[in-house]
Amino acid sequence: MDFCYNKSMGNGAVASKFKLTNMVQLNQSNVRTPIAPKRSLEEAESSTISQSTNESSTKDTESPLKSMENPLTHHPSNCNRCYRLKKKCSRTFPKCSHCERTGSECEYVDRTKKRKKPAEKSGQVSKSDGQLIHIASAESTQAGVVAHKLISVSSLLVPDQSDDQVKNREKSKHRKIATAALASSARRAQDKEKQHEEKINYKSTQQPTLSNIQEEFITMKEIKEENLPLIFALNYFNNFGHKYPFINKYLFLEKLKKIDFAKDSIVNLDVYLLLSIGCILHDAKTQSSHYSEYFKTKSIYSIIDVLDLSFASYNEESMHLLLLLSIYGLTTLNNEMVWNLVGLLNRAILKFDLFKKLDNVSIERVFWTVHNLDKEISLVAIKPSQFPKYTYLSKQDIDNTFYEEENLSLVKHYIALGKIQDSIVDAVLSHSNENLRQISRDLGSWVSSFTKDISLKYVSQPNLQELIPWANIQSYFLQTVMDQVSTTKSFQFPSNFIFHSFTSLISASDKSMTANNKHNTKLAIVSSGIWYAQLFDVLNYSTDSLVHFLKSDRADAGSRVKEFNEFLQQDLNLLKYIRGFRSLLHLEGYQKLSTKINETIEVLEQLSIVLLGFEEDGDNPKVLSILQEVKQKVGHSL
């Protein structure tokens, strides 16, 4: 005989008519009458209405029914995934049967005390800015891909809408949405305690998550200043457009024009990421705080949740988002996350044989962008490159422009610089100085060709003139690194690196009252994790050089100490100037940087005082002790 029972589902509803086993029937006190014979549809409907009326009238007076399952093995409420997808949940620990079968994360939240929110009036519903949401129409289910939907949140809330819009929305309500596409606050809360690097490594080992990236959006708060979105975009392209040439500038700006930022809007993930990077660059130069007003770091890192990091299949949109996340990590000084992301990108290049498909323009651009990222971060980390060897490549350069106004010559210069950086990493890791002379000649030729192109070909574009001091900065840093495996060591290259960096910072910074009305698309090296890594590496290498001179008991140790002290004063002035930048301190990376700079300034000032009264006979041990402390404070950039 079939029996049924009543059980509280934890969210105010009461489930009934569940078949029980004989063992359960003997051990439960809430067993009631047998199930009645099958009735007609009309009788069933009237009975259901009557039963729900009775239950609603007595739910405030009746005590909650006891759970049938053992609380040690079953949770009283459905898991988040089944709750969101309206699936029947087994509520078993540690995973329910549905999540166990699909290989998804399973999280339980106590909903017994959750109060039902009062019904909101039409026109008062709103989404908080920075929320990751999923929008998919019925047509997109059939076609598999949809065009970018540039719509406003407020337009979704207007009651008088066309019949087609209403029908499409009603159809999409019953559509099953992939778990990875859901903006589950509970899922983000679970990952909040994890480091972003750990989340990346974890997702790369999980089963593939399938979602249409073009159906993922992030809500944005209204931007009152009309030109700000364009300023953010131009800051990105003038700083990174040629160095990481995987985004078509013309198409992106056309897409940007279609978005109404004057009111709360919904934007694609790539638009949100690119604008956030440009905003950080703009804030760094103008000392403004637009980023904290219009963007949310938590929302940016939540993009990782919708990406398939197991690379079950090649997805161009996912590759673009991973590249933008890497560049975002550089601008927010999260170099560790960048290292992990570049490793994933290199793995994708090898898995999908992208180095054999360089005839495809979009793949070619992604390929060389990963190349430039990999080479510069490998250099500051002094770690082997994970990128395929050049001998494996069918093409050694880019031959065609991506859009009409692109400076192809500039793109090629960045690729050539990456190849020089790769040669230097090999020389440092192998402790070989055999090829240093050839590398030095290649570096000199690169600087000469780079500055010549900027000065002659692009004289009509003043923004590009800012690249000349940047090229000098890179040249002096690379020569400083080469000095570490050279038989001769000098403080000339570190001093020139500090001087040109200081000059670029001053020229790019604009704290005037009219700064917000200017595009100010000059290079923002102060918001680059690579440059900060280079800065501390230069200080580290110079300290090693002084230690080498003092331990070798050279006759010119006194002059070397004086030369180092001059470099030290320049470095102190630069660090104190950077300490005055307060606009980006709301970002975690800049908070850590501020602490590190203060500690470094303190120990360098102590060292400077000792070096002013340096005597070769008796001060060597004391100076060496302080230099060791400097190395501990500075540490390694990665």
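Which residues of the largest nonpolar core touch the most other members? Select Tyr-236 and Trp-531: of the 156 residues in that core, these two touch the most others. A nonpolar core is a set of buried Ala, Val, Leu, Ile, Met, Phe, Trp, Tyr and Cys residues joined through side-chain atoms within 4.5 Å. Buried means under 20% relative accessible area, exposed over 50%, and partly exposed in between, with a 1.4 Å probe and protein chains only.

The model is predicted: local features need pLDDT of at least 70 and side-chain atom pairs count only at pLDDT 80 or more, while totals for chains, interfaces and linings use all residues. Residues are numbered from 1 along each chain as its sequence is written, and side-chain values use heavy atoms, with hydrogens and water left out.

**The cores**

Return to the largest nonpolar core, of 156 residues. Helix H22 (residues 529-551) gives the most to this core, with 13 residues; helices are DSSP runs (H or I, at least four residues), numbered from the N terminus. At least three residues of the core come from each of domain 2 (214-392) and domain 3 (489-515 + 535-637), with bounds from an automatic or database domain assignment.

Next, select Cys-82, Cys-99, Cys-106 and Tyr-108, which are among the seven residues of a second, separate core.

**The cysteines**

The count of disulfides (pairs of cysteine sulfur atoms within 2.5 Å) is zero. Show Cys-96, which is in no disulfide; the nearest cysteine sulfur is that of Cys-99, 3.5 Å away. Cys-96 is buried, at 0% relative accessibility.

**The aromatic rings**

There are 25 aromatic pairs. Rings of Phe, Tyr and Trp (its six-membered ring) pair if their centres lie within 6.5 Å; planes under 30 degrees apart count as stacked, over 60 as edge-to-face and the rest as tilted.

Select Trp-446 and Trp-470, an edge-to-face pair with 6.5 Å between centres and 70° between planes. Trp-446 belongs to helix H19 (residues 436-457) and Trp-470 to helix H20 (residues 467-483), so the pair links distant parts of the chain, 24 residues apart. Trp-446 is buried at 4% relative accessible area, and Trp-470 is buried at 9%.

Move to Phe-491 and Phe-564, whose centres are 5.5 Å apart with planes at 65°, so this pair is also edge-to-face. Both residues are buried.

**Charges over rings**

Finish with Lys-383, which lies over the face of Trp-339 at 4.9 Å from the ring centre. A charge sits over a ring if NZ of Lys or CZ of Arg is within 6 Å of the ring centre and within 35 degrees of the ring normal.

Technical notes. Helix = DSSP H or I, 4+ residues; strand = E, 2+ residues; numbered from the N terminus.
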